[in-house]
Amino acid sequence: MERRLPADSIPIFCEGIALVLHDWSALRAAVVNEWGGQESRQNAGRLARDILAWFTQSTGPLDIYDLENMLDDGMLSLSVVVDDGSIEEVAEKLMVLHEECLEGNFRYIGILREANLERAA
């Protein structure tokens, strides 16, 4: 049986995607340094929207390898080849985040928020 995110969980999940991607040093460096050109920030935003759409609109089972390919393609759009294992790490975080949001458990989002605040401080 296919499980869908409850409508009220989608904005929280979207925030979680943004936090996970913001925490990804390779993506952050690509955006800050505009390695993908002047549209680097827009490309990163498109990646976040594509991830949200993939999780919320996929009709079949969610395969982590498809997500890893999407992340890899997103980084290639920023002229970055990532071979440090971080794509797999980010994909795993996103899958965990999605699973928790499906269950109405937002503990991981809280951890991501705290880490983001500490980094900003």
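This is a predicted model: local features need pLDDT of at least 70, side-chain atom pairs count only at pLDDT 80 or more; totals for chains, interfaces and linings use all residues.
Is S9 buried or exposed?

1. S9 sits in the segment before helix 1. With a relative accessible area of 3%, S9 is buried. If you skip its neighbours within four places in sequence, S9 is in contact with C101 and F106.

2. Next, helix 1 itself. Helix 1 covers residues 10-23 and helix 6 covers residues 107-120; their axes come within 10 Å and cross at roughly 45°. That angle makes helix 1 oblique to helix 6. As for handedness, helix 1 passes helix 6 in a left-handed crossing.

3. Who makes that contact? On the helix 1 side, look for I12, E15, G16, L19, V20, H22 and D23. Helix 6 brings I109, L112, R113, N116 and R119.

4. Now over to W54, which belongs to helix 3, residues 40-57. The C-alpha atoms of W54 and S40 are 21 Å apart, with the two residues 14 residues apart along the chain.

5. How does W54 count, buried or exposed? W54 has a relative accessible area of 13%, and the cut-off for buried is under 20%, so W54 counts as buried. Apart from its neighbours within four places in sequence, W54 is in contact with L62, D63, D66, L67, M70 and M95.

Conventions: Residues are numbered from 1 along each chain as its sequence is written. Side-chain values use heavy atoms; hydrogens and water are left out. Axes are lines fitted to C-alpha atoms, for helices over the stretch in contact, and angles run from 0 to 180 degrees between N-to-C directions. Helices (H or I, at least four residues) and strands (E, at least two) are DSSP runs, numbered from the N terminus. Angles under 35 degrees count as roughly parallel, over 145 as roughly antiparallel, 65 to 115 as roughly perpendicular and the rest as oblique. A crossing is left-handed if the near helix is turned anticlockwise from the far one by less than a right angle, and right-handed if clockwise. Contact means heavy atoms within 4.5 Å. Buried means under 20% relative accessible area, exposed over 50%, partly exposed in between (1.4 Å probe, protein chains only).
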